[in-house]
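Subject: The structure I promised you

Hi,

Here is the structure we talked about. Could you open it and keep it beside you while you read on?

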Amino acid sequence: MKRIMLIALLLALVLPATPLKAQRGSSEFELHKNGFIYSDTTMAQLAHIVDSLNLKYKRCDLWKKYTSVPQTAAYVIRLDSGKNIKAAYQDIKKGISFDAFLQKYPLATCEKMLVLKSLEIDYEKKNYISYAAIAANGYGYRQRENDTSKYNNPVKDKWKAEYNAKGTYSHEYVTALYFP
């Protein structure tokens, strides 16, 4: 009984002495009158620092050229089943119209995507044109053209196609970009 009385007396003396911040909640930082963990003086200093950093981006340098990567919408067509895959590639090379291609090859899949065109350099330090197609669902497709002299040529109503012959580790398919 004496033990219980001693523990109760000890708790009565210790509990009121604990800081209020431990009783207020689980915050490990002291809250100031402004409701933040920083004092008003510190908040004023932080506001000054942020304002000075924002001034750095306030001006627009008119002497700089701001350009985007050339981009357009295109159809990504893939044909990987059927007997006439190589014939489809040949038709694309001959410049078959988009509608005629879809009619002639109904097994081909077709999806409209955003295509970005850029000049890039490969690991052998060779320049090439990259066509990167991006769909809304995150699917992407990339095609490469080694003739960089065609970079500024218009692509309207043109095809960019790749043919993969049936090999040991892959199957035959044609993938093409059509720029309407």
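Below is what I found in it.

First, some ground rules: this is a predicted model, in which local features need pLDDT of at least 70, side-chain atom pairs count only at pLDDT 80 or more, and totals for chains, interfaces and linings use all residues. Residues are numbered from 1 along each chain as its sequence is written, and side-chain values use heavy atoms, with hydrogens and water left out.

On confidence: pLDDT is the predictor's confidence in each residue, from 0 to 100. The protein's mean is 83, and 84% of its residues reach 70 or more. Among the elements, α5 has the highest mean pLDDT (94), while helix α2 (residues 20–24) has the lowest (48). Where pLDDT is low, the predicted coordinates should not be read in detail. By the way, helices (H or I, at least four residues) and strands (E, at least two) are DSSP runs, numbered from the N terminus.

Now the sheet. Six strands make an open, antiparallel sheet, in the order β4-β3-β2-β1-β6-β5; two strands pair if DSSP finds at least two bridges between them. At the edges sit β4 (140–145) and β5, each pairing on one side only. From one strand to the next, the twist averages 30° (axes are lines fitted to C-alpha atoms, for helices over the stretch in contact, and angles run from 0 to 180 degrees between N-to-C directions).

You can walk along the pairs:

- β1 and β2 (residues 109–121) are joined by eight bridges, and Arg78 stands opposite Thr109 in β2.
- β2 and β3 also have eight bridges, with Leu114 opposite Ile134 in β3. In their hairpin, which has five residues between the strands, Lys125 takes a positive phi near 65°.
- β3 (residues 127–134) and β4 share six bridges, and Ala132 faces Arg142 in β4.

Helix α4 lies across β1, β5 and β6, running at about 150° to β5.

Finally, the inside. A nonpolar core is a set of buried Ala, Val, Leu, Ile, Met, Phe, Trp, Tyr and Cys residues joined through side-chain atoms within 4.5 Å, where buried means under 20% relative accessible area (1.4 Å probe, protein chains only). The largest one has 16 residues, and Ile77, Leu79, Ile92, Phe101 and Trp159 are those with the most contacts inside it. α4 gives the most to this core, with four residues. Apart from it lies another core of 13 residues, including Ala74, Ile129, Ala135 and Val155.

Notes: Buried < 20%, exposed > 50% of the residue type's maximum accessible area, 1.4 Å probe, protein only. Contact = heavy atoms within 4.5 Å.
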